[in-house]
Amino acid sequence: MDLVVGRVAKSHGVRGEVVVDIRTDDPETRFAVGTVLRGRMPKGAGDREFTVTAARHHAGRLLLSLAEVTDRGAADGLRGVLFLIDSSEAQPSDDPDEFYDHELEGVPVSTVDGVSVGVVESVLHLPGGELLSVRTEDRREVLVPFVRQIVPTVTREQIVIDPPDGLLDEAQ
């Protein structure tokens, strides 16, 4: 299974640097100089390999230089590329409050009252925050904001939610 460790947000400058949204807890290792990254190209264009030649932080963001990208035009073409690793390369966290997305997929979800809701299908990372995509027992998708007020309990075996009124309604 693939895990996303970063996403190209945009190009930076004229020499082909790219701005990367980090999605890993270990960016110094994942984006170290000399690392070969597997990039999933947008629009189903397959995977490509990229070699990191420089990495630096600028204005709170990660900037990468890649051997295969030498100008702004090539960097612009990478917008939306996902940098991936195989899940077997990721070590489980010792922190009980940290999870990889794939560790939550398939985990049963119930309400604080013990009512079964369904199972986590995926974790969605959006600019405004994260959502749990939960497949209900009647095959509907419910998007649950992944915040402590709504999702007070998360383990690799069970997720408990305290849904606000209307979140689980069929009409949505």
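Guide: Let us begin with the division of the chain. In this predicted model, the protein is divided into domain 1, residues 2-87, and domain 2, residues 101-161. The C-alpha centres of domain 1 and domain 2 lie 29 Å apart.

Visitor: How many helices and strands does the protein have?

Guide: The protein has 3 helices and 12 strands. Its C-alpha atoms fill a box of roughly 55 × 35 × 30 Å along the principal axes. Of its 172 residues, 36% count as buried.

Visitor: What do the records say about residues 4-88 and residues 102-167?

Guide: An unreviewed UniProt entry annotates residues 4-88 as "domain: RimM N-terminal". Over residues 4-88 the chain is 11% helix and 51% strand, with its end C-alpha atoms 13 Å apart. For residues 102-167, the annotation in the unreviewed UniProt entry reads "domain: Ribosome maturation factor RimM PRC barrel". That span is 5% helix and 50% strand, and its end C-alpha atoms lie 24 Å apart.

Visitor: How should I read a sheet, and in what order do the strands of the open sheet of 6 strands lie?

Guide: The general idea is that strands of a sheet pair through backbone hydrogen bonds, either parallel or antiparallel. Here, an open sheet of 6 strands has the order β10-β9-β8-β7-β12-β11, and its pairing is mixed. The edge strands are β10 (141-145) and β11 (153-154), each of which pairs on one side only.

Visitor: Do β7 and β12 run parallel or antiparallel?

Guide: Strand β7, residues 108-111, and strand β12, residues 159-161, run parallel and are joined by 3 bridges. Within β12, Ile159 is the bridge partner of Val109.

Visitor: In what sense do β7 and β8 pair?

Guide: The pairing of β7 and β8 is antiparallel, over 3 bridges. Val109 stands opposite Gly118 in β8. β7 and β8 form a hairpin with 4 residues between them, and Gly114 in the turn has a positive phi of about 90°.

Visitor: How many bridges join β8 to β9?

Guide: There are 8 bridges between β8 and strand β9 (residues 129-136), and the two strands run antiparallel. A hairpin joins β8 to β9 through 2 residues. In this pair, His125 stands opposite Glu130 in β9.

Visitor: Let us turn to pockets. What is the volume of the largest pocket, and which residues lie nearest its centre?

Guide: The volume of the largest pocket is about 990 Å³. Its lining comprises 40 residues, of which Phe99, Tyr100, Asp101, His125 and Glu130 lie nearest the centre. The elements that give two or more residues to this lining are β1 (2-12), β6 (82-86), α3 (101-104), β8 (116-126) and β11. β8 gives the most, with 5 residues.

Terms used. Residues numbered from 1 in each chain as written. Predicted model: local features only at pLDDT ≥ 70, side-chain atom pairs only at ≥ 80, totals over all residues. Heavy atoms only, no water. Pairing = 2+ DSSP bridges. Domains from an automatic or database assignment. 1 Å grid on protein atoms, 1.4 Å probe; cavity = no way out; pocket = protein on both sides within 12 Å on 5 of 7 lines; lining within 4 Å. Points joined across faces, edges and corners; volume = space filled by probe spheres on them. UniProt positions renumbered as here; feature names shortened; annotations may be inferred. Buried < 20%, exposed > 50% of the residue type's maximum accessible area, 1.4 Å probe, protein only.
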